[in-house]
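Q: I have a structure open and would like to go through it step by step. Could we begin at one residue and work outward from there?

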Amino acid sequence: MGTGAAELREKADELAEMIRRHPLAVRHDRLRAEVNADARSRELLERLIRLGAMIDRTARSGAAAEIDADEKADLEKSLENAATVRAYVETRRELVALVAAVMDRVRNPEGDD
């Protein structure tokens, strides 16, 4: 018995809704709103995103990424004082891992539990 495209889309919509309602996704959305509502938090997150992009570009070129010691210390100090940004980054990492696990299950339905 085959599964039609319409049924697959319906199941995909159900899965997407389940993920959106998952406590991790709800927490992620709440924290993202809190970060976006605070200019300092938003600026810190933007700095972290730029730094991550620079590290990614550098790694793709085969070079080792180097971060200025003063900038690194400043970011660490800023993060110490930004619990919401830290929580958002960690929650985002966990949510991405959850979605990756779902995608892996789709690719490998016979995987070990």
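A: Let us begin with Asn108, which is partly exposed because its relative accessible area is 38%, a value between the 20% and 50% cut-offs. Please keep in mind that this is a predicted model.

Q: Where does Asn108 sit?
A: Asn108 is found in the segment after α5.

Q: How many residues separate Asn108 and Arg30 along the chain, and what is the separation of their C-alpha atoms?
A: Along the chain they are 78 residues apart, and their C-alpha atoms are separated by 32 Å.

Q: What about Arg107, buried or exposed?
A: Arg107 is exposed, because its relative accessible area is 59% and the cut-off for exposed is over 50%. Arg107 belongs to helix α5. The C-alpha atoms of Arg107 and Leu8 are separated by 15 Å, although these residues are 99 places apart along the chain.

Q: Which residues of α5 are buried, and what do they pack against?
A: Val85, Ala87, Tyr88, Thr91 and Leu95 are buried in α5. The buried residues of this helix pack against α2 (23-37), α3 (39-60) and α4 (69-80).

Q: Which residues of α3 are buried, and where do they lie around the axis?
A: The buried residues of α3 are Ser41, Leu44, Leu45, Arg47, Leu51 and Thr58. They are on the same side of α3 because the arc they cover around the axis is only 155 degrees. On the other side of α3, the residues Ile49, Arg50, Arg57 and Arg60 are exposed.

Q: Why can residues at separate places in a helix point the same way?
A: An α-helix has 3.6 residues a turn, so residues three or four places apart point the same way.

Q: What covers the buried side of α3, and what follows the helix?
A: The cover over the buried residues of α3 includes α2, α4 and α5. After α3 comes Gly62, which has a positive phi, near 90 degrees.

Q: Why does Ser41 count as buried, and what does it touch?
A: Ser41 counts as buried because its relative accessibility is 11%, and the cut-off is under 20%. Leaving aside residues up to four places away in sequence, Ser41 touches Val35 and Val85.

Q: How do α2 and α3 cross?
A: Their axes cross at roughly 105 degrees and come within 5 Å. The two helices are therefore roughly perpendicular to each other. In this contact, Val35, Asn36 and Ala37 of α2 meet Ala39, Ser41, Arg42 and Leu45 of α3. By class, there are 4 nonpolar, 2 polar and 1 charged residues.

Q: And at what angle do α1 and α2 pack?
A: Helix α1, residues 5-21, packs with α2 at an angle of about 60 degrees, and their axes are 4 Å apart. They are therefore oblique to each other. Ile19, Arg20 and Arg21 of α1 make the contact with Pro23, Ala25 and Val26 of α2. This contact has 4 nonpolar, no polar and 2 charged residues.

Key. Residues are numbered from 1 along each chain as its sequence is written. This is a predicted model: local features need pLDDT of at least 70, side-chain atom pairs count only at pLDDT 80 or more; totals for chains, interfaces and linings use all residues. Side-chain values use heavy atoms; hydrogens and water are left out. Buried means under 20% relative accessible area, exposed over 50%, partly exposed in between (1.4 Å probe, protein chains only). Contact means heavy atoms within 4.5 Å. Axes are lines fitted to C-alpha atoms, for helices over the stretch in contact, and angles run from 0 to 180 degrees between N-to-C directions. Angles under 35 degrees count as roughly parallel, over 145 as roughly antiparallel, 65 to 115 as roughly perpendicular and the rest as oblique. Ala, Val, Leu, Ile, Met, Phe, Trp, Tyr, Cys and Pro count as nonpolar, Asp, Glu, Lys and Arg as charged, and the others, Gly among them, as polar. The arc is that of the directions from the helix axis to the C-beta atoms.
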